Amino acid sequence: MALFHPQTVSVVVFVACISSVLAADRPNIVFIFTDDHAPHAIGSYNGWLKDVNPTPNIDRLASQGILFQNSFCTNSICGPSRAVIQTGKHSHLNGFMRNGNKFDGDQQTFPKLLRKAGYRTAITGKWHLGTDPQGFDYWKILPGQGAYYNPVFRSPTGTEMIEGHCTDIVTDLALAWLEEQVNSEQPFMLMCQHKAPHRPWMPALRHLNLYDDIDIPEPATLFDNYEDNASPLRHHEMGIDRHMDLISDCFGPEFPNRTPTNKSRDLSGIRNLRKMTPAQRATWDAAFDPKNNELRKLSLSGRELVRWKYHRYIRNYLRCVKGIDESVGRLLNFLSAKGLDKNTIVIYSSDQGFFLGDHGLFDKRWMYEESLAMPLIITWPGVTPPGTVNTDLVQNLDYAETFLDLAQAPVPDDMQGRSLVPLLNGTTPTDWRKSIYYHYYEYPSYHMVARHNGLRTKKYKLIHFYQFDEWEFYDLLEDPDELRNQYSNPRYADIVTRLKGRLASLKKDYRDDSGTSRFTPQQRRKFRPAG
Ligand code: CA
């Protein structure tokens with residue numbers, strides 16, 4: 001009988017051997033993901049904060065692997081970025097277009113597909129998608145935004161408060177799960193997802209006085225007056241001057257010149273302080289009270305008060321980043337101590353960038369560089385040459401495809417990004433994308449960032465605030481800070497026309513037929529009272 005023909009048997013045995021070799025060879029994946037960590041707050045990205053040396057462990061990761069210089073999100077806001085990563089699809093197709101949406105967990109996601117391919121999967125920390133995670137063997141997540149101190153965690157078995165600082169606890173949970181995988185036959189994928197350095201920027205107690213004794217630079221655009229922008233940026237509610245609260249954001253003192261109450265005020269800092277134990281609060285106050293007393297004596301106002309708030313903000317932000325960096329160090333040391341480092345791919349990324357006083361702002365959402373950029377650093381031992389810097393245009397849209405490709409699992413046709421595996425191997429496909437597509441949806445809403453879509457190439461950026469039908473165009477090589485909107489400059493007329501055509505093609509290719517709602521003159525007047 002054919003089934004027992006010696007040749008057939010040998011072929012079957014050979015195929016079986018190959019697949020078992022492949023199974024044994026499939027790498028583990030440790031995906032470390034943070035919230036609002038801008039690339040320019042990572043040393044190896046060489047931004048204006050690099051001299052502070054904010055991230056020695058993440059820099060170590062970069063020196064062992066590949067750093068993506070042109071890495072961008074599709075929609076610069078927390079939940080939507082995570083939904084894009086889960087699905088490999090733009091927001092309008094995965095259904096999670098704005099924070100507050102509920103993620104449809106029944107849809108196809110990469111963790112489910114990895115699990116089907118034989119991986120063990122886990123997530124610890126921030127999830128932020130409104131519905132329970134699916135596709136994980138283990139999950140223990142922060143409800144909503146989560147708390148910095150003594151956070152509550154949710155898992156299939158219920159909720160539990162764990163005392164300590166959130167970054168440390170999320171790392172502890174990740175390490176405990178990794179410990180269980182050390183002798184497992186199955187490859188694994190862990191998502192270690194931090195709350196930090198998200199607002200309200202509350203560092204661990206051991207970091208409260210870090211950076212007190214050094215000068216931190218200020219961004220060149222701290223006092224940008226937006227004279228060249230289209231009108232939307234002038235109407236934002238995310239400025240250090242008018243919208244960063246001296247008490248709930250900066251943990252400063254009651255003060256005559258404090259920030260006036262504003263619609264985008266966030267009281268999570270005050271709520272988080274109330275969650276501290278008396279002992280934690282005593283240490284916190286001991287660190288901040290003397291500095292706050294200094295401010296009371298100075299009686300600052302105007303630009304000097306903006307500077308004070310910026311310096312309080314950036315120090316607390318970088319202190320939160322220090323906690324993250326220590327977490328990365330702990331995870332790397334664990335993998336190395338257990339002999340897992342040779343067959344584990346480690347990825348560091350964050351859901352989007354962040355304004356660190358750039359253009360006078362905090363928060364994200366805009367398609368400007370500081371907020372559009374995502375850090376992306378990957379080590380693949382034995383494959384990616386150490387210290388590689390890649391400049392191809394990549395997006396969070398590519399992560400799901402990459403994870404599946406790394407696991408040698410099929411990538412579904414309906415995913416919209418591309419696997420980064422060829423890039424990790426050092427070869428950029430000749431048909432790699434020449435532009436990225438972006439679409440932000442929350443307006444009118446918190447922080448008042450008008451809806452916009454646009455594209456970015458390696459050289460240029462085109463943005464359409466379609467509700468107001470206003471455009472911006474930047475020559476990024478000549479003007480990396482995006483201070484000169486060249487949309488109406490005749491010198492760029494041909495390029496603008498060409499890029500408008502390409503934007504229309506991208507919308508078609510990605511099947512995005514939203515983004516056409518233009519305000520009536522009445523609506524326009526309502527949202528532009530100051531002209
Ligand atoms: Ca975020």
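# Reading a predicted model: burial, calcium site and helix packing

In this predicted model, ten of the ten residues of helix H3 (residues 78-87) are buried, so H3 is largely enclosed by the rest of the structure.

Q: What packs against the buried residues of H3?
A: The partners are E1, helix H4 (91-94), helix H5 (110-116), E4, strand E8 (188-193) and helix H12 (399-406). Among the buried residues of H3 are Cys-78, Arg-82 and Gln-86. After H3 comes Gly-88, which has a positive phi near 70°.

Q: Which atoms coordinate the calcium ion?
A: The donors come from Asp-35 (OD), Asp-36 (OD), Cys-78 (SG), Asp-351 (OD), Asp-351 (OD) and Gln-352 (OE1), at 2.2 to 2.7 Å. Along the chain, their spacing is D-D-x41-C-x272-D-Q.

Q: Why is the arrangement around the calcium ion called irregular?
A: Six donors count as octahedral if opposite donors are over 155 degrees apart and all others between 65 and 115. The six donor atoms here subtend angles of 52 to 166°, and the arrangement is therefore irregular.

Q: What makes Asp-35 and Asp-351 a pair that ties together parts of the chain?
A: Asp-35 lies in the loop between strand E1 (28-34) and helix H2 (56-64), while Asp-351 lies in the loop between strand E9 (344-350) and helix H11 (369-372), so the pair joins parts that are 316 residues apart in sequence. Both Asp-35 and Asp-351 are buried.

Q: Which residues of H2 are buried, and what covers them?
A: Asn-57, Ile-58, Asp-59, Leu-61 and Ala-62 are the buried residues of H2. Their cover includes strand E2 (66-68), helix H10 (302-337), E9 and strand E10 (376-379).

Q: Why is H9 called roughly antiparallel to H10?
A: The axes of helix H9 (residues 278-298) and H10 come within 12 Å and cross at roughly 165°. Angles over 145 degrees count as roughly antiparallel, and H9 is therefore roughly antiparallel to H10. Phe-288, Lys-291, Asn-292 and Leu-295 of H9 make the contact with Trp-308, Arg-312, Asn-316 and Arg-319 of H10. The crossing of the two helices is right-handed.

Q: Why is Gln-134 described as partly exposed?
A: Buried means under 20% relative accessible area, and exposed means over 50%. Gln-134 has a relative accessible area of 31%, so Gln-134 is partly exposed.

Q: Where does Gln-134 lie, and what does Gln-134 touch?
A: Gln-134 is in the loop between strand E4 (120-126) and strand E5 (138-142). Leaving aside residues up to four places away in sequence, Gln-134 touches Gly-105, Asp-106, Thr-109, Pro-111 and Lys-112. The C-alpha atoms of Gln-134 and Pro-111 are separated by 7.8 Å, with the two residues 23 residues apart along the chain.

Methods:
Residues numbered from 1 in each chain as written. Predicted model: local features only at pLDDT ≥ 70, side-chain atom pairs only at ≥ 80, totals over all residues. Heavy atoms only, no water. Donors = N, O, S within 2.8 Å, 3.2 Å for Na, K, Ca; no water. Tetrahedral: all angles 85-135°; square planar, octahedral: opposite > 155°, others 65-115°. Helix = DSSP H or I, 4+ residues; strand = E, 2+ residues; numbered from the N terminus. Buried < 20%, exposed > 50% of the residue type's maximum accessible area, 1.4 Å probe, protein only. Contact = heavy atoms within 4.5 Å. Axes fitted to C-alpha atoms, helices over the stretch in contact; angles between N-to-C directions. Parallel < 35°, antiparallel > 145°, perpendicular 65-115°, else oblique. Left-handed = near helix turned anticlockwise from the far one by under 90°.
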